[in-house]
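Hi,

Here is the structure I promised to pass on. Have a look at it first, and then read on for my notes on its salt bridges.

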Amino acid sequence: MTRVSEGIVEPQGSTAAEPGEALVAELLDWFDRWPREGPAAAGGWTMSGKLHPYDHLFSPITVNRLTLANRIVMGPMGNLSMADPSGRPSEQMLAYFEARARGGAGLLISGLVPTSPAMDPSVLQPGGAAWFPRIDGSRAVLAGWRDLAETVHALGSRFFIQLTPGLGRVGSPECLPRRWRLPVSSSWNPNFYVTQVPSRPLLHREVRRIVRDTGQAAIDAMASGIDGVQLHGHEGYLLEQFANPAFNRRRLGRYADWQALGLDLVTEIRRRCGPDFPIMYRIDLSLGLRAAYGERLEAEPALRRFRAERSVAETLLYLGRLVAAGVDMIDVDLGCYETWWLPHPPGPMPPGAYLRVARCVKDYLAARGIRGGNGAPVPVAAVGKLGYPDIAEAALREGMCDAVLLARPLLADPDWPRKVYSGRVDAIIPCIGDHEGCLNEIVRGGHIQCTVNPRTGFEAKYPADPGRAPLSLRVAVVGAGPAGITAACLAAARGHGVTLFEAAERVGGWLRAGSVPAIKFEVANYLAHLEHRLTEAARAHGLDFRPGTAATAEGLKAGGFDAILCCTGSTALVPDLARTAALPSVLAVDLLLDRGLAAGARRIVVVGGGDVGCETAHMLAFEFGKEVSVVEQGESFMAASCTANRGYLLRALSRQGVRLVPAARVAAIRAGGLDLVVDGSATVPDPTAVWRPVLPRNIHNPFTRKAERVEIRRFLEADMVVFAVGMQPNASLHRACLEQHAAPVVRPAGDSFRVGRIFDATKGAHAAAMAL
């Protein structure tokens, strides 16, 4: 069972101070169980303001000799493609951090900045152009960091730069075909994305250069006015590859000691920067490999090489040595790339996921009297879905941590601290954990963005105050889903006279169905936020909302509008098999809106292994106790989803006994079940091997085995079939308005233009409203 105390949610079990593997195993077991046992099963976690005023969140904290105004820390998120080709922070990057400083966070931390690009070929583009921001090199680059530090300081926040020796085996393997250089690592390790590409071990002299380069980067940061550094010893990046026996299998030399590189880096920074310059260390208490995969860690060749992962006890001993060497602050969670959902907890994972991890470290240091160089206890920051103010405040009150790292919550709402301080919790834009803007955009070659905040990454283009439009227009917005509400509220704020039409009685569009499963509580919070935003727009800007009103082209034309935005969404695809099925069948979206439709069925087959299909299967299996199978025509389930979201959900489904059938076509549906034609060849990926990523479609792996389709006919028993085979744009109103010249400006937005995700809907709607 779970315990809820002042907003803190955690599993019962061993004490948090136990430095053993049981803690990690219990947490992962809890992540699997909570949809049945946690508060979400009784109505969900909501953005509550019960603990206001948040005196602990907004009390000062000292790191070394630096005082932070409050205990809210913006966690590091990659600033890729936010610097010019030399690596100098761009105006885009400055505006991005300025927005978070203006929002009131006490400390901001940059995304990772490689200190030795010459040693790690994966961090540079062909021709030597920077992909990441850089601090090595010319004074022109340093000038950009000076501008950034001064901007943040002027708004009362502090700024740390996150330094990394490199990416190593988790960097892009494209450095091999494009620059004819192998990726690097501590030992011979396979590249994460293309395992056939080996990562060579760095030579001793190359590691020594990394140490020197990192010391120089730190002193350059100090000279640029930056307040401190954070070393990225986490998640399987290059420093972790040296600092974890899972990856470091060196036999000779100083760096065969897995603790040596981290200690040398801290010692070098302390030597170069003096005793008062703050050093923060980011680490995982455990990679979580054994806890996540159990016996498969020994049985699977792709995992077995990593079975010597650093234990929790070893991590704690290492942290003690790091503090003795000069570390002033620690932030800690779990995971690596092979367990990517752990360091990037997706929407389904519970809030406060790693509070026990932070408390474990904090209690360990206190029990052994380990203090920082200033003689005070070393602050330990917690991370992991702490965007719920009551949970963050309660964690500080109960001594589970000393500060809270908010990464994605501050992408969703840079003003989170100001809103929390003033008690306006209901005005917070909640993160939904879909990772579309913050992670998937980077994987696809973009820069950091956010699904629920179209300004994130575009602060230099879209100011916080959108300003009044030069001419006030009469605007009709049709459809009150995420696109329609985003467009209508922004247009009203810019001084337009806006009427929002919605055929249903409730707002949300398909979000209403998408927020039903217990694991979609974050989407339910976002839906509540949209309702609040709509109410506020009506009060403050006179937005006229008309629920239960179906708009027509004729009616809109008669209304004399200057502009019409069609945000009419999409409709579910109905396959021919659904019309002729000899079994009870239902569309997934209809089942989500009426869960009673599954009441009479015990064995249910979901056709369609995308996000909707797998989330529906999770609800049926975890919440209803059904015997569930998921059939996917492609080779990979949830192929378009972020690796973190995909890994979490597929692992949970397989552990619950849900049968996952890839590369399968439904030939017929007859009494008792489904006839399938399945590709039984060895080239079809195992859907339960979630430690393997799905490469973007534009990345070709030349080592992929040639497909050898072997068709096997199977019969899958079932009492009901659920179809989740996609959506299609509902563009009929847009076409009719164009044909009838219903207004001088007629534009589509959201799914009515192109079926996508919430990310696409809000971005398109924001741009459309700004263009009016």
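To start with, is Arg-651 buried or exposed? This is a predicted model, by the way. Arg-651 turns out to be buried, as its relative accessible area is 6%. Its partner is Asp-32: the two side chains form a salt bridge, with 3.3 Å from N to O. That pair ties together distant parts of the chain, since Asp-32 belongs to helix H1 (residues 21-37) and Arg-651 to helix H24 (residues 643-655), 619 residues apart. Asp-32 is buried too, at 8% relative accessibility; the cut-off for buried is under 20%.

Next, a pair around helix H3. Arg-88 and Asp-147 meet through their side chains in a salt bridge of 3.6 Å, N to O. This one also links distant parts of the chain: Arg-88 sits in the loop between strand S5 (72-74) and helix H2 (91-102), while Asp-147 is in helix H3 (residues 139-154), 59 residues apart. Arg-88 is partly exposed at 27%, and Asp-147 is partly exposed at 31%.

Helix H3 also holds both members of another pair, Arg-146 and Glu-150, which are 4 residues apart, or about one turn of the helix. Their side chains make a salt bridge at 4.0 Å, N to O. Arg-146 is partly exposed, with 37% relative accessibility, and Glu-150 is partly exposed with 46%.

There is a network as well: salt bridges link Glu-436, Arg-444, Asp-611 and Arg-757. Over the whole structure, the search turns up 45 salt bridges.

Cheers

Technical notes
Residues numbered from 1 in each chain as written. Predicted model: local features only at pLDDT ≥ 70, side-chain atom pairs only at ≥ 80, totals over all residues. Heavy atoms only, no water. Helix = DSSP H or I, 4+ residues; strand = E, 2+ residues; numbered from the N terminus. Buried < 20%, exposed > 50% of the residue type's maximum accessible area, 1.4 Å probe, protein only.
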